[in-house]
Amino acid sequence: MTKNTILTFRKKKLEGKKLTMLTAYDYTMARIIDAGQVDAILVGDSLGNVMLGYADTVSVTMDDMVHHCAAVSRATSHALVVGDMPFMSFQTSVEEALRNAGRLMKEGRVNAVKLEGGHRVCPQIKAMVQAGIPVMAHLGLTPQSVNAIGGYRVAGRTKGKAELLLEESLAVQDAGAFSLVLECVPVRLASLIARRLDIPVIGIGSGNGCDGQVLVTQDMMGMSTDFTPKFVKVFAPVGDAMRKAVADYVQAVESCEFPEEQHGFAVDDEAIEGLY
């Protein structure tokens, strides 16, 4: 398989072909997803919710992201690997943002980084791109700002907010972002932005007019038990199968049905003669 690059994104946009992206946070899941020919794998700071049990993404650290990005990168030979810049890893200064993005590239071995925000992070995007770090932007619902915006809300529902979202989308493109994630943006607005931008727009909860889609893998496989967003489609009830497998294992062990003879290893009688 050939390794995808940011040129893959550009080519698919030009050809009108849809891009696919899923999340992964560990080696095993990344191997499965990569084998499925997905265009990109996002090591999202959603690992805070999915893997670490936090109520939001705010508590995720740079060390967390580097650790999980490295595991996913080791598993991936086809998909472009994108690593999230966690909360307060890029907001304080351009220099700090550049240093942390460099860590994700050098230690996490990602192919690109993703960061939330519009006008306020354009200097960071420019600096990263100039340093040779591809950047995916993220607008709309930005989970790292959940405390500032008062919860998880659909973005761009008023005229003023819709205009600002378009302006910020154009701004991150001009700053050098190679693609843009739009999260929880009304369908018609997201479609309009995708048509206006030269870079690919990847939607999550933003309709089919985007140039591609991203979902949290545990959501689309029915593995999440806490909350399933409205925009998620469960493509396979893997969670149900896993829960049944665990219950079946417990029953088999308790009833002595497992392990059976074929699951063990034989030994010559003379090797244990006299041990009883």
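I took helices (H or I, at least four residues) and strands (E, at least two) as DSSP runs, numbered from the N terminus. The model is predicted, so I kept to local features with pLDDT of at least 70 and to side-chain atom pairs at pLDDT 80 or more, while totals for chains, interfaces and linings use all residues. Residues are numbered from 1 along each chain as its sequence is written, and side-chain values use heavy atoms, with hydrogens and water left out.

I noted about 1100 Å³ of space in the largest pocket. A pocket here is an open set of points on a 1 Å grid over the protein atoms alone, where a 1.4 Å probe fits, with protein on both sides within 12 Å along at least five of seven lines, and lining residues have an atom within 4 Å of a point. The volume is the space filled by probe spheres set on the points, which are joined across faces, edges and corners. The lining has 41 residues, of which Asn 49, Val 216, Asp 219, Phe 227 and Pro 229 are the closest to the centre of the pocket. Elements that give two or more residues to this lining include helix H3 (47-50), strand E4 (112-116) and helix H11 (238-254). By class I found 20 nonpolar, 11 polar and 10 charged residues in the lining, where Ala, Val, Leu, Ile, Met, Phe, Trp, Tyr, Cys and Pro count as nonpolar, Asp, Glu, Lys and Arg as charged, and the others, Gly among them, as polar.

**H5 and H6.** I then looked up helix H5 (residues 94-106) and helix H6 (residues 122-130), which pack at about 45° with their axes 9 Å apart; axes are lines fitted to C-alpha atoms, for helices over the stretch in contact, and angles run from 0 to 180 degrees between N-to-C directions. The two helices are therefore oblique to each other, since angles under 35 degrees count as roughly parallel, over 145 as roughly antiparallel, 65 to 115 as roughly perpendicular and the rest as oblique. The contact (heavy atoms within 4.5 Å) is made by Val 94, Ala 97, Leu 98 and Ala 101 of H5 and by Pro 123, Gln 124, Ala 127 and Met 128 of H6. By class this contact has seven nonpolar, one polar and no charged residues.

**Loops.** I recorded a cis peptide bond between Phe 258 and Pro 259, with omega about 0°, and Pro 259 is in the loop between H11 and helix H12 (269-272).
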